[in-house]
Amino acid sequence: MERKKAELLAPAGDYDCAKAAILAGADAVYMGLKKFNARERASNLGLEELKEIVSIAHGHGTKIYVTMNTLLTDSELYEAVQCASDILNAGADALIVQDAGLAYVLHQYLPNLELHASTQMTTHNSLQVDFLKELGIKNINFARELSADELEPIIACTKEKGIKTEIFVHGAYCISCSGICYMSSFISSQAGNRGKCLQPCRRRYSLTPHGEKSYYFSLKDNNALPNLDKIKEIGADALKIEGRIKNYGYVYTTVSAYRHALDNDSLEAGDDVSQVFNRGFTTGYFDSCISPDMFVDSPLDQSMVQAGTVASYTADRQELAVELEGVTIEEGSRISIYTPENSFICSAIVKQVLEQGRYHIEIENLLHGKILKGQIVALLPQPQRMQQLARRLTELKAVPAVFDAEVFASRGEPLKAVFQYKGRRAEVQSTAPLERAQSRGLSEEGIRTQFQKTGDMLCTLGKLTCHGLEEPLFLPVKELNQMRRTALEALFAPAPAPQVPHLAYQPHKDKKLAVLVSTEEDAKLFAGRCDNVFVEWFPGCRVSLGKNIYPWLPAFVEDSAVSDYLTLLDTRPGLVVSDNVGLGLEAARRGISWVAGPMLNSSNSYTLKAYQELGCACGAFLSPELNRDQLSQISAPAGFRLFLQVFGPITMMTTRQCLLASAGRCRSGRNRFSYLCKGCSGYETFYDEKEIPFHIVKSPGYINRVFNDALLYIPEAVSQVDADSFLLDFRALPFIHLSLEDKLAIFDCFSGDRTVQERARKAAGSVTRGNWQRGF
């Protein structure tokens, strides 16, 4: 059977980018509004712009998907539902979500809104799909880190469950698995899970304090054009291009290249994607070749030519002076400005050449810092093509909605009319009865003339059917106009947003401590002191489980590794903490109580309800990104246990890359990540440009994790947050040096023993309160 051609899904960070995607032949375009989307740095669209783009897109056979792919607090959830209702009323075809609580609410209260799972939901194994199906998800965008061999079975499994599948094929890679990166959040309160990521992965780091800096976290871009034949074989329903912060030239060029390749089964004569923004290209993940070759030496745009350096910039006049380096900058040229350390400042269009080396510019999107003397000015290629494209974009106009009308006339009765549009129906009638006309009566032409006067409404009359006009009949024109106004207001009136109830508050009286450990000695030490001792479990883990000693399962477990964890679950531990919802569901199916871990991002009350009702969880850890006030807003369902980490290491990133190998520190000397690495352990410290250390840990059975140097330390949370259990993380990570006595002192301090406060604080060393005050 011939496979259906995959949908080509294009990015749009603003109005012009959306039009460029449509013009280039995208089957669907995804974009965000001003709030609740994971690209806050993009210009994004207003609601009225969205309505216009929907009209343009639908007139060209293109779908529009809107992103609301961030985490939400309780205070924001209800505004987000109103926003989703506005998006539905604007005619968008689907909503892309990350927050499980929002998905739960929208599935219940806006059932006509199609929901797609963002890559921010970190979907990477087949077990997770069942939970997303229960949430009402109709399309899943899988994690970018999966290979072709891993994607094929999960795509087949997902399709069997009636859910469409989507994979990224082009654009930027994050070093961390999407949705479980907390680095920007904890170093700046600019959370990636809120669309505010400052991209610390694009900065330079060294292996020693004040050492030579390099880009150990910065990956090349994905480019699947060489793999399109294989992509067609694995059967994804949609192919997604990344780039909502890129300009319309990037969007048009990349979409055109993939459109040509998909339609012609050939890469020849297609647009050259190397001529627009890129950091160099890799197919490492898709080819299952995870190696240092996937990293860049510089995150600068490889398509640019360095034109010179900033001599001066006058912000109020947007006047830029450049010390040129043998390059001519013309009117209409596109430039980008970077710091000497390669940090992106802005992109701009040259609107006027005042004199050679001095220009009036118009900045695109947002500034990411001040334009200062000495910064690099880079020239983007193809200025003439961009000007031609800009003219073509202005010619792309909104297409009015076409409604039909049917009229029924009978003397002595009111004139009746039925207006219809896409299954909607509005019936109206005149206030005055029809009379016999003294001269010329009502005609189909006359009725059409009045019904077509739609004013500012973006709609027009299509088919008009009239009955009963054989006899000359009279009705004042104002009656026809009022009938039209009334009908169109009813036909195109936005549906009201649903009223979502606030969940009832459930107090948690029995506040207890729990601990997370990684050694047998620590497990035995605390088993007699608290009800819940959790063990960081991995295949080959030698810590004995038993009464009140329970396994803690990781966030990223690919399908090939699932069997090891199912074997553990077959032993029927009394309780499981899982950062992977699929493994949690499998525990529940075996009658095992499970708790949703902190990487499942429970940031509002409805997320807890979703995990309880659809995920069959008995409790959940509250998001580590929330502050005290945001935590206090949350209400748990009855009988649902709340957990919160209050001490220990902060996980900043989780990545499939071997950061040790990328820095040349693999002790085994391997040049690529393989199954042999599963039993490997390693440790390294990277120092950022402020010489702040970050610890890279590779544990057996785990992929690489990046930890903050300072430990989380918020003893006051035990008394100020209403939760059942407060977690102390005492894992024996290589950068933490706590003695048994230190751990006991910290345990007693968090238990409320004031006599050991000073001892505990000193033992903890460098500490932080994380997001306790600032939130995300």
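Mentor: Before we look at linings, a quick word on classes: Ala, Val, Leu, Ile, Met, Phe, Trp, Tyr, Cys and Pro count as nonpolar, Asp, Glu, Lys and Arg as charged, and the others, Gly among them, as polar. Keep in mind too that this is a predicted model.

Trainee: Got it! So what is the make-up of the lining of the largest cavity, by class?

Mentor: That lining has 22 nonpolar residues, along with six polar and six charged ones.

Trainee: And how much space lies in the largest cavity?

Mentor: About 460 Å³. Its lining is made by 34 residues, and Pro598, Met599, Gln645, Thr651 and Arg731 are the ones nearest the centre.

Trainee: Which strands supply at least two residues each to that lining?

Mentor: β25 (549–553), β29 (641–648), β30 (651–655) and β35 (725–729) each do.

Trainee: How many cavities of 30 Å³ or more are there in the whole structure?

Mentor: The search finds seven.

Trainee: Switching to pockets, what volume does the second largest pocket have?

Mentor: About 930 Å³. There are 29 lining residues, and those closest to the centre of this pocket are Asn89, Ala90, Gly91, Tyr421 and Phe492.

Trainee: Which element gives the most to the lining of that pocket?

Mentor: α2, with eight residues. The elements giving two or more are α2 (47–59), α3 (74–89) and β17 (401–408). The lining of the second largest pocket counts 17 nonpolar, five polar and seven charged residues.

Trainee: New topic: where does Glu242 lie?

Mentor: In the loop between β9 (238–241) and α9 (248–264).

Trainee: Is Glu242 buried or exposed?

Mentor: Buried, because its relative accessible area is 7% and the cut-off for buried is under 20%.

Trainee: Which side chain does Glu242 join through a polar contact?

Mentor: The side chain of Lys246, at 3.2 Å.

Trainee: And what does Glu242 touch, not counting residues up to four places away in sequence?

Mentor: Leaving those out, Glu242 touches Pro11, Tyr30, Arg39, Arg144, Phe168, His170, Gly171, Ala172 and Tyr250.

Methods. Residues numbered from 1 in each chain as written. Predicted model: local features only at pLDDT ≥ 70, side-chain atom pairs only at ≥ 80, totals over all residues. Heavy atoms only, no water. 1 Å grid on protein atoms, 1.4 Å probe; cavity = no way out; pocket = protein on both sides within 12 Å on 5 of 7 lines; lining within 4 Å. Points joined across faces, edges and corners; volume = space filled by probe spheres on them. Helix = DSSP H or I, 4+ residues; strand = E, 2+ residues; numbered from the N terminus. Buried < 20%, exposed > 50% of the residue type's maximum accessible area, 1.4 Å probe, protein only. Polar contact = N/O pair within 3.5 Å; in protein donor to acceptor, adjacent residues only side chain to side chain. Contact = heavy atoms within 4.5 Å.
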